[in-house]
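Here is a briefing on one protein chain. Please keep the sequence and the 3D view open while reading.

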Amino acid sequence: MFKTLQTYKLLFFRLIAIVLGIEISIYFLKTNLFFTGIFGFFIVFLLIREMYFYVRNFVLLYDKTISSILQNDFSSDFTKHKANKNYGDLFQLYDTLKGRQNEQISKDIIYRSILNNIETGIIILEKQENDWDIFLMNDYFSSHFNVPKVSKWKYLKNQLPSLCEIIEEDDFHEIKTSVEISINEQAAQTFVLQASKTEIFEREYCIVLLDSIQNVVEKKEKDAWVNLMKVISHELLNSITPIRSICQNLQDLVEQDSLSAEDLEDIKNSVETMLRRSDHLQKFVEGYRKLAMLPSPKKQKIELQPLIENCLQIMNPLFKKDGIEVVNAISLKHPINVDPQQTEQVIINLLTNSVYALKNTTQKQILISAEAKENRTYIKITDTGSGIEKEIENKVFLPFFTTRNEGAGIGLTLSKNIIEAHDGYVSFKTENGKTVFEICLVEG
């Protein structure tokens, strides 16, 4: 503690002064200089008192600094003591450990930020005696499975028993399997479960990763389609542009009177056919370009009811033309955080899909409803059409796929991509002979 030579000198001189003071005071007493001896002892007392406070302050400062280091509390300010060279090594140690702690805190913040932005459910468990604590749960896991960031394993087990039981069965050791988990009583989703156990500084940790099989497959599928669409758009547009230019030139030529009537008629028919085909292909390509170049949603808080009413007003001529009864059962006064234009496009696409589904039916009705659960808003569009055949259920959202002769096969795909860009999903099911398309929007 008392490391520097200067400190030893100061203590030594104090001790020498105290010893000399005692000897001199005793000498004065022996020579009958009673009051002088008493005064000498008083001086000795003051020297002892001064030395006591000097050592005490020295020890207290060391104790305070060491206590701060042991408790990882680096908020103390020792600036006024740093000029004293007696504390040089101590404050150097304090500043070094403080710098390392700040560096570690910065790293922890960065690591947590990275984990919270990964679209994979992650929980890290830490063993405490015979139980496990949740060391870390990332935001994706908490929001996707709709569980609070609890600190105890038993609380998580109450929320997700099917997941926790599988991990417990393998005693928190290495696992790689699939598991079906139902969220908020919705249809069960399949996830890839990976767990591994590790030991760091005599502490045991279990790292659990959960990936949605559907999300993984759909992401790869979407990437493949986007790349394909870009290629198709490039190639087709390179063909359409010169064809259309030739058609326009031919149309100018056939308007001249130098050709026979029969040739003129044939050329006109050919030109009209080519123009129709080029227009069709151009619309086709533009439709798919929308999928490949879908802009990020510009979200804002809006009321759901006016959005739906606006969509119904746009679609009203089609409803009247086909004699379709539309029931708007939305009474929900709940703001949603969406891109208004993109969401309106999705609603119109689904309503258009319902209109075509009701073409050959006698009872023509569309019901629109909505409800809010937890941090999710569900919008349902139900029609009394013939429904979706079993053999095409898994193709409904695929690009290019359509059951209509005049359809381009992008409406449902575009709707699905838009809602997924909002961190939601679109699904469909059949209830009592009716087709129900459901939009789920997660509040963010």
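Phe 35 counts as exposed because its relative accessibility is 71%; exposed means over 50% relative accessible area, buried under 20%, and partly exposed in between (1.4 Å probe, protein chains only). Phe 35 sits in helix H2. The model is predicted: local features need pLDDT of at least 70, side-chain atom pairs count only at pLDDT 80 or more, and totals for chains, interfaces and linings use all residues. Numbering runs from 1 along each chain as its sequence is written, and side-chain values use heavy atoms, with hydrogens and water left out.

**Nonpolar patch**
- Phe 35 belongs to a nonpolar surface patch with Ile 26, Leu 29, Phe 34, Ile 38 and Phe 41.
- Together these residues have about 570 Å² of accessible area (Shrake-Rupley method, 1.4 Å probe; for residues, only the protein chains shown count as cover).
- Patch residues have over 30% relative accessible area and no salt bridge; nonpolar side chains (Val, Leu, Ile, Met, Phe, Trp, Tyr) are joined within 5 Å, like charges within 9 Å.
- A salt bridge puts a side-chain nitrogen of Lys or Arg within 4 Å of a carboxyl oxygen of Asp or Glu.
- Helices H1 (5–30) and H2 (34–70) each supply at least two patch residues.
- H2 gives the most, with 4 residues.

**Helix H9**
- H9 covers residues 304–322, 19 residues in total.
- Its first and last C-alpha are 26 Å apart, close to the expected 27 Å (1.5 Å times one less than the number of residues).
- A kink of about 50° lies at Met 315, shortly before Pro 317; the bend is the angle between axes fitted to the seven residues ending there and the seven starting there.
- Met 315 is also among the buried residues of H9, which include Leu 304, Ile 308, Cys 311 and Phe 319.
- Cover for the buried residues of H9 includes helix H10 (340–357) and strands E6 (300–303) and E9 (365–373).
- Gly 323 follows H9 and has a positive phi, near 65°.

**Thr 435**
- Thr 435 lies in strand E12 (residues 434–442).
- Thr 435 counts as buried because its relative accessibility is 3%.
- Beyond its neighbours within four places in sequence, its contacts include Ile 381, Thr 382, Asp 383 and Lys 429; contact means heavy atoms within 4.5 Å.

**Whole chain**
- The chain has 11 helices and 12 strands, taken as DSSP runs numbered from the N terminus (helices H or I, at least four residues; strands E, at least two).
- Of its 444 residues, 34% are buried.
- The chain exposes about 27400 Å², with 54% from carbon and sulfur atoms.
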